[in-house]
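Could we walk through this model together, a few questions at a time? Let us take a look.

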Amino acid sequence: MQIKLLMKLTAIFLTMAFLNVSAEGSSQTVTFSGRNVPLKKVFTAIERQTGFVVFYNYDHLEQANPVTISEKDLPLVSFLQKLFRDQPLDFVIKNKTIVITHKSPAPGLPGPQDNDAGQSQPVTGTVTDSSGVPLAGATITLKRTKTFVTANQDGQFTVQANMGDVLVVSFVGFQSREIRIGSAALGRILLKRYVSSLSGVEVRSYNTGYQQIPKERATGAFAIVDNELINRSVSINVLDRLENVTSGVAFNKNIIVNRAYQQINQATIAIRGRSTINSNPNSLVILDNFPYDGDLSTINPNDVESITVLKDAAASSIWGAFSGNGVIVITTKKGKYNQPLKVSVNGNFTIAAKPDLHYQPWMSSADYIEIEQFLYGKGFYNSTLSGNAYSQVSPVVQLLADQTAGTVTADQVTAQLNTYRNQDVRDDVGKYFFRKEDRQQYSVNLSGGDSHDKYYFSGGYDYDLPNLTYNNYKRVTVKGGNVFSLWKQKIEITTDVQFNQSTTTLNNTGSYGTSLPYMKLADANGNALAVPYTYRQTYTDTAGQGKLLDWTYRPLDELRNASNVTLLTDYHINLGLKYRIIKGLEASFLYQYSKGNSDDEVYNSLATWYTRNMINSFSQINWTTGAITRPIPLGGILDKTQNNYESNNVRGLLTYANTFDGGHALTVLAGAEVRKNDAFTSSYRLYGYDPSTTTSFNMDYVDLFTQYTASYSQQIPSNIYNLGTVNNYISYFANAGYTYNERYTITGSARRDESNLFGVNTNQKGVPLWSAGAAWNISHENFYHVDWLPNLKFRLTDGYQGNVNPGVAALTTATYGGANNVYGAQQASISNLPNPTLRWEKVNQVNMAIDFASIHNTISGSIDYYIKKGTDLIAPSPLDPTTGATSFTGNTGDMKAHGLDVTINTINLKGRLKWYTTFLFNYALDEVTVYKANKGSIGIYTGTGFLNPNVGHPLYSLYSFKWAGLDSVGNPRAILDGKTSEDYANIYNSTNFDNLKYDGPINPPIFGSIRNTFTWKQLSFSFLLSYKFGFYFRRPSISYSTLYSTAGGYGGTADYERRWQKPGDELRTIVPSMVYPLDPYRDGFYLNSTALVEKGDYIRLQDLQFSYDLTKKQVTGLPFETVRFYVYANNIGLLWKANHSGIDPDFVPQNAGLTYPNPRSISTGIKLDF
Amino acid sequence: MEKIINRYNYSWLFLLCATLMTASCRKEALLNAKPSTSLVIPSSIQDFQAILDATLTMNVTPSLGEASADNYYLTDTKFQSAQPVVQNTYLWAKDIFGASTNIDDWNYPYEQVFNANVVLEGLAKMQATASNQQDINTLTGYALFYRAYAFFNVAQVFAPPYDSTTASSDLGIPLRLSSDITAPSIRATVKDTYAQIIDDLNRACKLTPTALPTANRNRPSRPAVYACLARVYQSMRAYKEAGAAADSALQLYSSLIDYNTVAVATLPFKNNNAETIFQSNFSSYAQTLIPVIGIAIIDSNLYRSYAANDLRLSLYFRVVSGVPGPRGGYSGSLFTFSGLATDELYLIRAESYARAGQASLAMADLNTLLSKRFTTGTFIPYTATDAADALQQILAERRKELELRGGLRWMDLRRLNKEGYNITLTRVVNGQTYTLPPNSPLYTLPIPPDVITLSGITQNAR
């Protein structure tokens, strides 16, 4: 279906392409006839007929006489020559642009009133634009005499003038400059474009959330992702679109969200590496002036105009204590003054393939069964089988036990085992749990404005049927904004309202209830089949003798009966008032109100195993009377969790920006803001819930109830939880930038943040942070004569960023626990030891950079080198346990990092076929320099599920036991204290860190992308290669302990087939032999040894993008201004990887479960502009 | 026109300033707001009670003593699969912990001491009024009890047994009497250690309520203070004082459970059962040392010493595949009970009588207890020929009644060997026999290595 649509679209594109060729070919001639027509009228006719743009100044027209001309199909150049023959004007044609110039006075003729001929001398110079392109036809006027000359094709001119004379250099579409003559060779004279005079040419400026900083005057490190780039890819989430196109921004993969008891505290998005240990690792996100407190997934990417990433201290320190991890500033679209209504409609469909469930090579079902048979023979399951009646065993073990008991024959067993051997649970999982993803995205926006009012309204709708069946996602976004300009543009009032709502149905978590590789989940008719789950089947079949609820677990029914819906509602109201007091001075007041609510409802009906199990577990049967008591009533169980937040942001701001005679430009900004964010989480549970009547039962949460299996007794979980948080911040800030002569810029900023940090004296609640920067546009200097590199700028900044950790306090604090103790009393625990010297974390960053552009921008780019030092980082340090605590969390850690951000843009082809390349190269490596917490044993450091800072290495590093191959009986050997050893427990528990090998960083220190874009007429094609180097991962291998686990552990990897089996195998394999009984430390050693460490390096073809634009100019009668068709293919695949294990380093399989790389997807879309 | 603009300029500036000033007025309120509703600076009676009611911290006791004692044994297979710390403890190795850190047996009691000190200091800062004086007293008594109980439990494992001849020179345990984490840890003498424990208990005695909180048996009370004092004095071999304290406790609370009324179940007793005076358990970590189910096997001689009509056989033990293993005791959970109960008090008082030569009083107490332990109608009261015979019977019954009960067997081994009982423990693992001779320095366990490293206190000689 979708493929058909794709084919149709392609056909349309091709047809349009041919139409366009003929349109272009016929447009180079002019037909015009008229008598005494103003020149302006002729120009309009030329523009209409040729598609060329004519540039002129009004003084040109004043000097010109009306023309009389009559020509038919005359080539453009001939027409123009004829037109200007009797005029004081001339013309230059460049890139479909006709520039009107003054005719040069005849050489050798002295200018009028040139009285001082004796002292005058020829003065030369070259006029270019900021990218070094010569401005042919620029006018150079001698101010004293009003005589002028025109620059030639190379932008060069010679004028007779005296020392000290002032030249006025001007060109259409550019700002005029006055230059005082100091030498006979003026060198290069740069003219800057007018911002509004030339459509399609973007003057870039950076939005810091407080102000727009023109690129030329920036000293800090910024990365900007413009609208074109944001829309290059297709995704629901806007931040996903930054991946691979933003310099200095890493998207970390293989993130372990929360394992065991310890949060590993990784960030998905890391700007310039890492500079905190235990505090917030995430970047600050600003949406239209204020920090965004809502869920980022609710922002509609189609409303986003541009994204600026603030990387160094000078760029981000205006955000003070929140800027330590960098800042992402999202700017949404606004209307424009004096622009008629524009309507833009965008829609796209995405199809993603079904995930490859066989990506992770499992051991075969036959092998797995062989192991179960082996273990059964060894008596491994005896204690489980003979112990309590309910402990779970696998079907194979049950079958073997039945055979021993004589209830089944050997033939029956063989037959059944053969059936199992040929089954792979992934077949059913793939069939019932996974599907192709199907995603749709629609958006429409209206914008425009008159001289007093500009507006932008938009609506968006997303609908996603993700790879997991029974799940879906819907999002509706509405946005409306107005800007009113009042009282001669002295007052500007901004209003903006955004409303986002999404519904997530998460009925399928991807887990299917069994780890046995040979289970079937459905019969031939698609009916759900039971799998062993928690209890033994023979137990659940007979327990309660029919008085209990069905206790069997059928994964497919669980999927079908699941109901887990989250409704996310989020809205923001922005009000702004700006008043221009005098020229350059503005006072503004900004207010934002945000409110969000996430409402999660998990309803486990009586049909679900969860509810049946809860009811059964608490049931008691009086066997004398046969009566059954059910402390948990029959009916569903509803879990409801609500998260609400409300935030108020107020900002008062004074800005002053002005340029003064003599080339001084000054911007000053000062203000204060107050932020208040209140959040409340509450959850509760209802038992015996009936959705049709919304009724439930009162419960006894105090008494202990003996469980049906009689193994223990417990209270009925109430799941009642309430927590409120309040984060208040008051900030004062100021910054200033001063530029002299467009060559030298200095910037500085200072900010103080105060917050309601708990239990701190008021004078310690704040932190002052500052930054300073300087930039030098050396290419603007008179002595600069490197013609091939007309743009060269140096930048240097230094300053402090901060980070917030509301989790620590200065006084002894206690936390009330959510649950009461077993006697029903409230309990509290001491959560924070007294820490009177608690301080805020600080990150110092020095940034050194070069910006450059060669002539015609053939090669342009920037190179930034930075050094970061994080001090006073909140980290634990060990404490004598006799004090009552084992660790003390305070400002005890330090880190440093350095890195390089390189962006290079090249224009490789400029003709009809254009070819651009953007090359991003990033290097970022951090190192823990001070960390006092006890190192413990080396075994702990081999686990990647823990935050294991180790001084001298990156925060996230891979450490391994030293591997010395297999011995002659297949046992793995380690190097312990310089000798080979098989003392696995002592290897694991060793505290000698020489026995631990540092393999390298887990996150790639080198990463980047190469994006090639080709355009040919209205066709555009681009593809993106991404690369990561210098990182390491550990591949999974066979874990016999998991394999042996009685409940039927995860099947293990196909490495089982490569295990040591006979002497001599040690020469060709690293997989240890299977042994019984098991030493878990032996497994642990092998799995965490250097033998399984792989290099992560790779090059990936990330995506392809193709678009075709049709405009009204090309197709007359087209009902739209522009139509864009686009196709975007994502996750195409690896081109090269360093490892030979078939593992995509961004998707490293874990030892259990299903891991798979993001499936390939293709999106097709259409964008209409009216 | 120019003037008008200027006037507006100033009014705008004024407005801006006014906004900022309003903000600064609210500044204090904003900056003093509590960042999380669950967070408190403990300062109220309710806060302090909640800290002391955190049962998973405050009612946990060490278990390495019990793990070192002879109520149980491990098969070779179970020994192999045990953690190194368990193996070392089981075999009375010189070094037990190796590189292991965060040893619960040390850390939990000292966390209790810290919490008790936080509460004591907080209560001392409170403004006493007519309405809260009673609560302040009660909680002060509670905190003193917790501190004494923790000190005592640590001393049973990590300090040498009390010996009045050497106590003033033997190294005891660090006595931390304030919550200041920067104060150094210094080992007090055994004499000072016990003096501190008794002093805390005596102070607690006057402050705690006389009635047992029957709904919250995790909380101390005056009977609990006396019961603890009885145990402390008994460990010091001050039997007269032990008997007097046990008597004082029994005067206030003396309920016994008739085991005929208890149904055999996985967990026959509840955590609020009538005999419990103060509830505490081995830590969950310690469960790996003496797991209730399936791993530890009850010493064969001990198991055989119960008569067939002794109800404790079925209520204390669970036979799986012919091997007797322990149940959960008075905790009502998988955790092993280690708290204070009336049965122990009867035995302490009986022992005190016997040692004072009062055989009949001693046997009366013993029979009061045992009459509740046998199938109805089958119990024949025990008789003793003399006080020495009574003592032997009481000690034998004490071991049977208090098996796997919070390290009491370990405490008994330490004190009785001091009196010449000459009990030698043996273990056989993989055919090799290990022995623990009486009064060996191995009866004092090594202090966890992380504590030694970070505090610099002296390690026990073993």
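What follows is a short exchange of questions and answers about this model.

This is a predicted model, in which local features need pLDDT of at least 70, side-chain atom pairs count only at pLDDT 80 or more, and totals for chains, interfaces and linings use all residues. Residues are numbered from 1 along each chain as its sequence is written, chains are lettered from A and ligands numbered from 1 in the order in which they are written, and side-chain values use heavy atoms, with hydrogens and water left out.

Reader: Is Asn847(A) buried or exposed?
Author: Happy to start there. Asn847(A) sits in strand β44 (residues 841-853) of chain A; helices (H or I, at least four residues) and strands (E, at least two) are DSSP runs, numbered from the N terminus. Buried means under 20% relative accessible area, exposed over 50%, and partly exposed in between, with a 1.4 Å probe and protein chains only. Because its relative accessible area is 0%, Asn847(A) is buried.

Reader: With which side chain does that of Asn847(A) make a polar contact?
Author: Leaving aside neighbours within four places in sequence, Asn847(A) is in contact (heavy atoms within 4.5 Å) with residues including Ala221(A), Arg272(A), Asp312(A) and Leu796(A). A polar contact is a pair of N or O atoms within 3.5 Å; within protein, one must be able to donate a hydrogen and the other to accept it, and residues adjacent in sequence count only if both atoms are side-chain atoms. At 2.9 Å, the side-chain partner is Arg272(A).

Reader: Which residue is the bridge partner of Ile975(A)?
Author: Strand β50 (residues 972-976) of chain A and β51(A) pair in the antiparallel sense over three bridges. In β51(A), the partner of Ile975(A) is Thr980(A).

Reader: Is Asp999(A) buried or exposed?
Author: Asp999(A) lies in strand β52 (residues 996-1001) of chain A. Leaving aside neighbours within four places in sequence, the residues in contact with Asp999(A) include Leu958(A), Tyr1032(A) and Arg1034(A). Because its relative accessible area is 10%, Asp999(A) is buried.

Reader: How many residues of helix α18 of chain B are buried?
Author: For context, chain B has 19 helices and 13 strands, and 59% of its 462 residues count as buried. Among the buried residues of α18(B) are Trp410(B), Met411(B) and Leu413(B). The helix, residues 408-418, is mostly covered, and of its 11 residues the buried ones number 10.

Reader: Which residue with a positive phi follows α18(B)?
Author: One more about that helix, then. The phi in question is near 90°. The residue is Gly420(B).

Conventions:
Two strands pair if DSSP finds at least two bridges between them.
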